[in-house]
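Colleague: I would like to learn how to read a few features of this model. Could you take me through them one by one?

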Amino acid sequence: MESQQQGVVKKKETRGRKPKPKGDKKDEQGKMVKEGKKAQQHHTVDDKYSQWKSLVPVLYDWLANHNLVWPSLSCRWGPQLEQATYKNRQRLYLSEQTDGSVPNTLVIANCEVVKPRVAAAEHISQFNEEARSPFVKKYKTIIHPGEVNRIRELPQNSKIVATHTDSPDVLIWDVEAQPNRHAVLGATNSHPDLILTGHQDNAEFALAMCPTEPYVLSGGKDKSVVLWSIQDHISSAATDSAAPKSPGSGGSIIKQNTKPGDGSGKTADGPSVGPRGIYYGHEDTVEDVAFCPSSAQEFCSVGDDSCLILWDARVGFSPVVKVEKAHDADLHCVDWNPHDDNLILTGSADNTVCMFDRRNLTFDGVGSPIYRFEGHKAAVLCVQWSPDKSSVFGSSAEDGLLNIWDYEKVGKKVERAGRTPNASNASGLFFQHAGHRDKVVDFHWNASDPWTIVSVSDDCDSTGGGGTLQIWRMSDLLYRPEEEVLAELEDFKSHVVACSKP
């Protein structure tokens, strides 16, 4: 992607990012047709975006739009820092994927999360697409060795994060103990607190942290899934607290000494840790991995071979179940339901999201999902279950949409007077976030404020910057029980009538 505007970079071709077709210099007519189609697509996107923006005061309880200087391929919530009357402060992790004029970085930001029913409608609708949001402020910069493709926080202590870059290693950081660095040309890389080794080829995207134990899981181009434990390297004092340490006070909670014989040793960049296990079963790149929420020994993976594989470290290094043809194309993402161990989501380049039940994954040797969710018009890049409601999940895609689904609504048609049944409700789709104008590469539900989502898109051409970070929460009138909402609206109607009387 090329642009003469400052801050817009020429980026590598990553998953879902295909090379742009080169115009034939000898065929000017063909070139004009291509350019005309491109302009028409931009026009359609702009129209759709304008329509969405006009509806923001109606659809959202709060929305913050933050134009990024550099593209970011990942965004994650960190620990909550402070609670106040109208808003809370919380850490936010993202990255800066630069053009080489300055180093690539892992960014720790402070975010002010406005509480429900506090923001005024006119406030959330009045934002400048090219401006930085006052709700997001950079707190610390870590100079990252290579681009940051994926960020994941450790559930046992969300100040410890893992990052994937375009190398075989997984890097572990204690973001509070790491010194704040100034990202200037020629600056040396920050030193990770731990380096996880074991891949034989680049591991770009597939990365997960275990909910029950300090375990890390990764997949890569070597077609393998690799499991590590960082149990022995984390201090017993490694627990989340409301007030983070200031940089340099007390040092890292990751121990810098390593035990002999555990596959780890010192390197020039810091201590390295070898794997507990390497698992082979995929026939192409592993694109995403996920732990079973209740077991550190059970996990799953998806890849470009269109397979979903379930593993159990207690029974060996081979697949427990291999679901062939889980989708009709490459699988990009997977998530395991934190409320129900039987439900697994997968997202694919075939534009769909599938929900599988681990008790009945296949039929005649082929993947047999409970339901196939169809609503995206391009490859699905990220799926995640809601931390608050077991039947709700989100999916983001290259079509620029972040869809929120509820499988309890599947098949339920809502009758309205004089209107046909609502097809969206029948499909399980109940909210569509259309605030991004290009592919939504990552998003994350906020466990501290469950209906608040951070999402990041790769829309440099549209924004004149590095992309867009948005923090948003839909109106609670959309997801609360219908009877409760109708009762509140009736009370509101009575209030309006009373106020209008002379």
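**Reading the cysteines, a sheet and the cores**

Modeller: Start with a cysteine pair. The sulfur of Cys292 has its closest cysteine sulfur in Cys300, 8.7 Å away, which is too far for a bond. Keep in mind that the model is predicted.

Colleague: How many disulfides are there by this rule?

Modeller: A disulfide needs two cysteine sulfur atoms within 2.5 Å. By that rule the count is 0 disulfides. Cys300 is in none, since its nearest cysteine sulfur, that of Cys292, lies 8.7 Å away.

Colleague: Is Cys292 buried or exposed? And is Cys300 buried or exposed?

Modeller: Buried means under 20% relative accessible area. Cys292 has 0% relative accessibility, so Cys292 counts as buried. Cys300 also has 0% relative accessibility and therefore counts as buried.

Colleague: Now a sheet. What is the order of the strands in the open sheet of 4 strands?

Modeller: The order is S2-S3-S4-S5, and the pairing is antiparallel.

Colleague: Over how many bridges do S4 and S5 pair?

Modeller: Strand S4, residues 105–114, pairs with S5 over 7 bridges in the antiparallel sense.

Colleague: Which residues does UniProt list for "repeat: WD"?

Modeller: The entry, which is unreviewed, lists 279–312, 324–357 and 373–408 under that name. An annotation may be inferred rather than shown by experiment, and the model can be set beside it. Residues 279–312 are 0% helix and 68% strand, with end C-alpha atoms 10 Å apart. For residues 373–408 the values are 0% helix and 53% strand, and the end C-alpha atoms are 12 Å apart.

Colleague: Last, the cores. Which residues touch the most other members of the largest nonpolar core?

Modeller: They are Leu92, Ile404 and Ile471, in a core of 43 residues. A second core of 17 residues is separate and includes Leu154, Ile160, Val226 and Ile253.

Colleague: What is Ile404 in contact with, leaving aside its neighbours within four places in sequence?

Modeller: Among the contacts of Ile404 beyond those neighbours are Val392, Phe393, Phe430, Phe431, Trp445, Ile453, Trp472 and Met474. The glycines Gly394 and Gly428 are also in contact with Ile404.

Methods
Residues numbered from 1 in each chain as written. Predicted model: local features only at pLDDT ≥ 70, side-chain atom pairs only at ≥ 80, totals over all residues. Heavy atoms only, no water. Pairing = 2+ DSSP bridges. Helix = DSSP H or I, 4+ residues; strand = E, 2+ residues; numbered from the N terminus. Core = buried A, V, L, I, M, F, W, Y, C linked by side-chain atoms within 4.5 Å. Buried < 20%, exposed > 50% of the residue type's maximum accessible area, 1.4 Å probe, protein only. Contact = heavy atoms within 4.5 Å.
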